[in-house]
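Please keep the structure open while you read.

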Amino acid sequence: MGVAQLYHHLVHKSLIVFLLQVVMGVAQLYHHLAPRSEVLVVAKALIRLLRSHREVQSLVLNCIASISTLRKGMFEPYLKSFFVRTSDPTHIKLLKLEILTNLATETSISVILREFQTYISSQDKEFVAAAIQAIGR
């Protein structure tokens, strides 16, 4: 890799980290101050960020886990975005499980429990134990 390519790569990575920090800061600000109608815009932006690298996913999921404890409705339309993939690393699976548990309502509980039942057959024992605990909550 040449010097110019290396420089470009470093600038690109730094810019991504900076933009992520801006989005996360705005999301937290909206969470605490914005009216309900505007909060949904932030939810959509955070969901889009879940398509990024695993490091970004982890940060975004932590943010969503925090927000979803107080504003369930904010992420309810995106429930399936938190379904676990077999390729997800354990820490991502656990964050998604926590979010799904936070989002459980009378209307969504049957879908969530059905999803949790599929997690029980996972090869990831730590995740299976957490899924069983989540079902108990």
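Read from the N terminus, the elements of the protein chain run α-α-α-α-α-α-α. That comes to 7 helices and 0 strands, where helices (H or I, at least four residues) and strands (E, at least two) are DSSP runs numbered from the N terminus. The model is predicted, with local features needing pLDDT of at least 70 and side-chain atom pairs counting only at pLDDT 80 or more, while totals for chains, interfaces and linings use all residues. Residues are numbered from 1 along each chain as its sequence is written, and side-chain values use heavy atoms, leaving out hydrogens and water.

**Packing and surface**

- Of the 137 residues in the protein chain, 37% are buried (under 20% relative accessible area, 1.4 Å probe, protein chains only).
- Among contacts (heavy atoms within 4.5 Å) with a separation of 6 or more, 60% come from residues 24 or more positions apart.
- The protein chain exposes about 8,500 Å² (Shrake-Rupley method, 1.4 Å probe), and carbon and sulfur atoms supply 61% of that area.

**Aromatic rings**

- The structure holds 3 aromatic pairs (rings of Phe, Tyr and the six-membered ring of Trp, centres within 6.5 Å).
- Phe-116 and Tyr-119 have ring centres 5.9 Å apart and planes at 35°, so this pair is tilted (neither stacked, under 30 degrees, nor edge-to-face, over 60).
- Tyr-119 also forms a tilted pair with Phe-127, at 5.0 Å centre to centre and 50° between the planes.
- Phe-116 and Tyr-119 sit about one helical turn apart because they are 3 residues apart in helix α6 (residues 109–119).
- Ring pairs link Phe-116, Tyr-119 and Phe-127 into a cluster; Phe-116 and Tyr-119 are both buried, and Phe-127 is buried too.

Note on methods: Buried < 20%, exposed > 50% of the residue type's maximum accessible area, 1.4 Å probe, protein only.
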